[in-house]
Amino acid sequence: MTEYQTWHEYLIERLAADHEKRVSYLDVALEEYQEDGDTLFFLMGIQNVIEARGGVSEVAKKIDIAPQVLSDLLSSEEAPRIDTLSAVLTALGCRLSIEPLKTKEHRAELAPAETSIVPSEVSSPNLEVSTENQ
């Protein structure tokens with residue numbers, strides 16, 4: 001049996017050994033972020049998985065960015081851009097996904113609607129799509 005000095009060492013070893021544990025760990029970190037908006041907590045979860053997967057240098061190499069850029073991203077208080085987050089998660093062997101909320105309030109919203117998904121006033125062929133970043 002391995003003796004650990006810290007909880008962090010134990011966590012990293014467990015995450016390094018099992019892909020499903022890493023995905024579940026990130027899923028919980030994302031759920032917590034969605035509950036309380038704690039970006040640093042979510043990024044710490046990503047940092048732990050990156051460490052378990054060989055460290056910042058190894059993951060940065062997979063997504064073709066400088067290790068310092070990845071380190072800066074993970075230590076920032078700002079949420080990363082979706083494309084950057086997607087690249088990091090892909091390098092870690094997972095991805096973001098969308099699923100319906102499971103609360104009673106949201107299930108009522110999911111009931112079949114009696115109207116078209118595209119209202120008639122929006123279905124005009126003269127629609128303009130903005131390509132500006134927001």
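The legends below describe a predicted model, first as a whole and then in close-up views. Residues are numbered from 1 along each chain as its sequence is written, and side-chain values use heavy atoms, with hydrogens and water left out. In this predicted model, local features need pLDDT of at least 70 and side-chain atom pairs count only at pLDDT 80 or more, while totals for chains, interfaces and linings use all residues.

**View 1. The chain contains seven helices and zero strands.** From the N terminus on, its elements run α-α-α-α-α-α-α; helices (H or I, at least four residues) and strands (E, at least two) are DSSP runs, numbered from the N terminus. Of the 134 residues, 22% count as buried, that is, under 20% relative accessible area, whereas exposed means over 50% and partly exposed lies in between (1.4 Å probe, protein chains only). The chain exposes about 10600 Å², and carbon and sulfur atoms supply 52% of this area. Among contacts (heavy atoms within 4.5 Å) between residues at least 6 apart in sequence, 52% join residues at least 24 apart.

**View 2. A patch of negative charge lies on the surface.** Asp27, Glu31, Glu32, Glu35, Asp36 and Asp38 gather here. Residues of a patch have over 30% relative accessible area and no salt bridge, and like charges are joined within 9 Å. Asp and Glu count as negative, and the charge is placed at CG of Asp or CD of Glu. Glu32, one of the patch residues, belongs to helix H2 (residues 19-36) and is partly exposed, with a relative accessible area of 36%.

**View 3. Lys21 and Asp18 form a salt bridge.** The N to O distance between their side chains is 3.4 Å; a salt bridge requires a side-chain nitrogen of Lys or Arg within 4 Å of a carboxyl oxygen of Asp or Glu. Lys21 is partly exposed at 33% relative accessibility, and Asp18 is partly exposed at 26%. The whole structure holds two salt bridges.

**View 4. Arg81 is joined to Asp83 by a salt bridge.** The closest N and O atoms of this pair are 2.7 Å apart. Arg81 is exposed, with a relative accessible area of 55%, whereas Asp83 is partly exposed at 42%.

**View 5. Asp64 has a positive phi of about 60°.** Most residues other than glycine have a negative phi. Asp64, which is not a glycine, sits in the loop between helix H4 (56-62) and helix H5 (67-75). Its relative accessible area is 71%, so Asp64 counts as exposed.

Methods
Accessible areas come from the Shrake-Rupley method with a 1.4 Å probe; for residues, only the protein chains shown count as cover. Patches are made of residues with over 30% relative accessible area and no salt bridge: like charges are joined within 9 Å, nonpolar side chains (Val, Leu, Ile, Met, Phe, Trp, Tyr) within 5 Å.
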